[in-house]
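Here's a quick tour of a protein, one part at a time. Have the sequence and the 3D view open as you read.

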Amino acid sequence: MRRSDFFKTAFGAAAVAGLSGFRWKGDKAIRPTEAWPAIDPEDEQFWRFVRTQFPLTDERAYLNTGGLGASPYAVIDAVKAKMDELEKIAETGHSDELWKEVKTAAAQLLGCDATELAFTRNATEGINIVCNGLPLKRGDEMITTTHEHVGNTVPWLGLLKREGIVVKLFEPSTVSAQENVDRIEQLLTKKTRLISVPHATTTTGQILPIKVLSALAKPKGIWLFVDGAQTAGMFPFNLHELGCDAYATSGHKWMLGPKETGLLYVRKEMLDVIQPKIVGAYSAAEFDLAKGTLDFVPSAQRYEYGTVSIPLRFGLGAAISFLQKIGMENIWKRDQSLSTRLFMGLKSIPYVSVLSPESSTERSALVTFKHEKIPFGDLQRHLDTYKLRTRGVGEGGVNALRISTHLYNSHDEVDRALEAVKTA
Ligand SMILES: Cc1ncc(COP(=O)(O)O)c(C=O)c1O
């Protein structure tokens, strides 16, 4: 059976052709009543306007985008509208056209080809696809950090338990990017098959030198996997330039997408290396049960399967439109302005030590700090009383507090956080 035949029989011809009512609306999803002012990253007034595009309450300062991002009305409205539309006719709403449009926009954001992207439910699903799809066997070695999020830890431990791969660890140094490259180099052996690192660590927000690591890994035939949960939507980058083999991210953090969305990038040359293990409708180009034949689609869509929520994918497209309307360079300028203010402010508070890197090129919009006299759990509770939502960092024994600032946060909220830490 050909893929298009499957869609015709399963969903009706309209699903293949793409119903006009299902068209991706892009910018039109943004509330038409709001006239956007000129976009100027230096203008506080502009960022105040951006904040009005989110239902976020002013009473509580939301400083945990690293955990979960807030969505703008543009995304919420898009999800609701698509759900209303589809529930009237009880159709899935899947169309190749929608897939292409959202993935083309995502590819533009991430610097890759649309055919190298798969929709996932979260970063963890993307990590699992890579981890379980790579041909790793007993005794093969992988190198990773001691600062991984649970989502990039448990899948590899599962593989260790099941297949007997060997996991080698290094502690990321926040002193310099080069120190991390050196630490990885020291762990390399003839059995090293994979390096798995975050683009920015969940612990201190340190941005790791992916391009340098690609240059180190590639000539040795070592695969490089990047956990990008903390970077897509925070700053601009180009996956082709970074040169990694695969990259998994969440749609529901810095990208501002609906909850339970994610993207997996697999470099086209790796599509036949990373085997699709969970497959079904959407993975296959042609299949014949009687003949026992199966050809996967020649794109990363081979990692997708079964019925999914179209309103969520539609909403992810609206989130990308929102980011692109402001521009990733502008968003990064804003995120840097907020996190630098926080970083410098925290450094001037007695008993506080900041764990995030000094170097501005390695520092992201996640700032992590400790109080010498107060356990981080207590400090977090103290900040809670100021209605500040932060995140404790227990990973890697860091035992500190993390504040993330994104485009909807303000300098006032940063100052509120600094004031609260001062009074601890
Ligand atoms: C570095 C990193 N990887 C993976 C994840 C898991 O993301 P998700 O919940 O989208 O699977 C997170 C979440 O905080 C993270 O920070």
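## Around the ligand

Before we look, one rule: a residue is near a molecule if its C-beta atom, placed from the backbone, lies within 6 Å of it. Keep in mind, too, that this is a predicted model.

So which residues are closest to the ligand? They're Asn122, Thr124, His149, Gly151 and Ser250, part of a set of 14 residues that surround the ligand. Sort that shell by class and you get 10 polar residues, 3 nonpolar ones and 1 charged one.

## The whole protein

Now zoom out. The protein has 14 helices and 15 strands, and its C-alpha trace spans about 70 × 60 × 35 Å along the principal axes.

How does the radius of gyration fit a compact globule? For 424 residues, such a globule would have a value near 22 Å, and the protein has 22 Å, so the two agree. Buried residues make up 47% of the 424. Contacts also reach across the sequence: if you take those between residues at least 6 apart, 73% join residues at least 24 apart.

## Two helices that pack

Two packed helices are described by the angle between their axes and the distance between the axes. The crossing of α5 past α11 is left-handed.

Who meets whom here? On the α5 side you'll find Leu98, Val102 and Leu109, among others, while the α11 side includes Phe314, Ile320 and Leu323. By class, the residues of this contact are 9 nonpolar, 3 polar and 2 charged.

Note on methods:
Residues are numbered from 1 along each chain as its sequence is written. This is a predicted model: local features need pLDDT of at least 70, side-chain atom pairs count only at pLDDT 80 or more; totals for chains, interfaces and linings use all residues. Helices (H or I, at least four residues) and strands (E, at least two) are DSSP runs, numbered from the N terminus. The radius of gyration is taken over C-alpha atoms; the globule rule is 2.2 Å times the number of residues to the power 0.38. A residue is buried if 20 or more other C-beta atoms lie within 10 Å of its own, exposed if 12 or fewer, and partly exposed in between; C-beta atoms are placed from the backbone. Two residues are in contact if their C-beta atoms, placed from the backbone, lie within 7 Å. A crossing is left-handed if the near helix is turned anticlockwise from the far one by less than a right angle, and right-handed if clockwise. Ala, Val, Leu, Ile, Met, Phe, Trp, Tyr, Cys and Pro count as nonpolar, Asp, Glu, Lys and Arg as charged, and the others, Gly among them, as polar.
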